[in-house]
Amino acid sequence: MKLYEKAPTPNSLRVSLFIAEKGIEIPRVDVDIRGGENVTDEFKAKSPNGKIPLLELDDETTICESVAICRYIDAAFPTNHHLFGEDALAIGQVEMWNRIVEFQGLYAAFQAFRNITGIYKDRERCVEAWGKESKQRLEEFLPELEKRLTTSPYVAGDKFSVADITAYVLCGFMKNLDLHLDESLPALLAWHRKISERPAFIEASTK
Ligand SMILES: N[C@@H](CCC(=O)N[C@@H](CS)C(=O)NCC(=O)O)C(=O)O
């Protein structure tokens with residue numbers, strides 16, 4: 001098994017944090033996404049979405065999409081650390097919050113970054129106005145996340161989950177849009193400090 005990735009990118013980090021939380025090791029293959037390695041015919045033959053991260057199994061079966069990769073790892077390496085929730089209610093709530101943070105936060109942040117900077121204009125149309133709108137949507141979402149963390153120790157409830165990984169990656173990526181965590185979002189800031197101290201997060205951020 002190997003994981004195609006680019007270490008500092010947010011979706012690679014999502015999978016790296018998940019792997020570290022599960023306590024497993026998967027060999028990595030660095031992909032030069034700025035140089036367009038992921039849009040070559042060779043890479044696209046492996047990856048339906050033409051992006052990283054991409055997991056390749058020993059029989060050359062591949063899985064892209066960071067959440068799908070995490071789902072596979074979760075099922076392939078069962079442990080008592082249930083990052084997608086353990087019972088029916090927790091599974092539903094983790095899925096709900098992970099999707100909320102991904103769609104309203106992370107996706108908005110990516111759209112803002114890609115469309116404002118034009119970083120991938122060699123491979124996609126960039127619409128600056130959409131980038132600015134996406135940034136504004138993200139700014140409107142952060143108080144919602146703050147509200148949630150005022151009443152809940154973790155994003156999806158009482159236990160750490162994949163939704164915390166998604167929110168943590170969002171908080172780190174926001175600086176690319178000149179948005180920073182500060183005392184105006186005290187619950188989010190306190191949660192972020194707590195999460196950053198998890199051994200898996202320290203391990204993944206030093207790689
Ligand atoms: N929805 C996908 C998004 C993957 C994605 O956007 N990956 C970025 C790096 S974080 C990428 O490959 N960028 C290069 C490109 O879009 O050409 C996932 O969750 O894995």
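Q: How many residues does the largest nonpolar core have, and which have the most contacts inside it?
A: This is a predicted model, in which local features need pLDDT of at least 70, side-chain atom pairs count only at pLDDT 80 or more, and totals for chains, interfaces and linings use all residues. Residues are numbered from 1 along each chain as its sequence is written, and side-chain values use heavy atoms, with hydrogens and water left out. A nonpolar core is a set of buried Ala, Val, Leu, Ile, Met, Phe, Trp, Tyr and Cys residues joined through side-chain atoms within 4.5 Å, where buried means under 20% relative accessible area (1.4 Å probe, protein chains only). The largest such core has 56 residues, and those with the most contacts inside it are Leu138, Leu145, Val155, Leu170, Leu188 and Trp191.

Q: Leaving aside neighbours within four places in sequence, which residues is Leu145 in contact with?
A: Contact means heavy atoms within 4.5 Å. With its neighbours within four places in sequence left aside, Leu145 is in contact with Val101, Val155, Ala167, Leu170 and Leu188.

Q: How many of the residues of α1 are buried?
A: Helices are DSSP runs (H or I, at least four residues), numbered from the N terminus. The number buried is 11 of its 13 residues.

Q: Why does the span of α1 agree with its 13 residues?
A: The expected span of a helix is 1.5 Å times one less than its number of residues. The 13 residues of α1 should therefore span 18 Å, and this agrees because its end C-alpha atoms are apart by 18 Å.

Technical notes
Buried means under 20% relative accessible area, exposed over 50%, partly exposed in between (1.4 Å probe, protein chains only). Helices (H or I, at least four residues) and strands (E, at least two) are DSSP runs, numbered from the N terminus.
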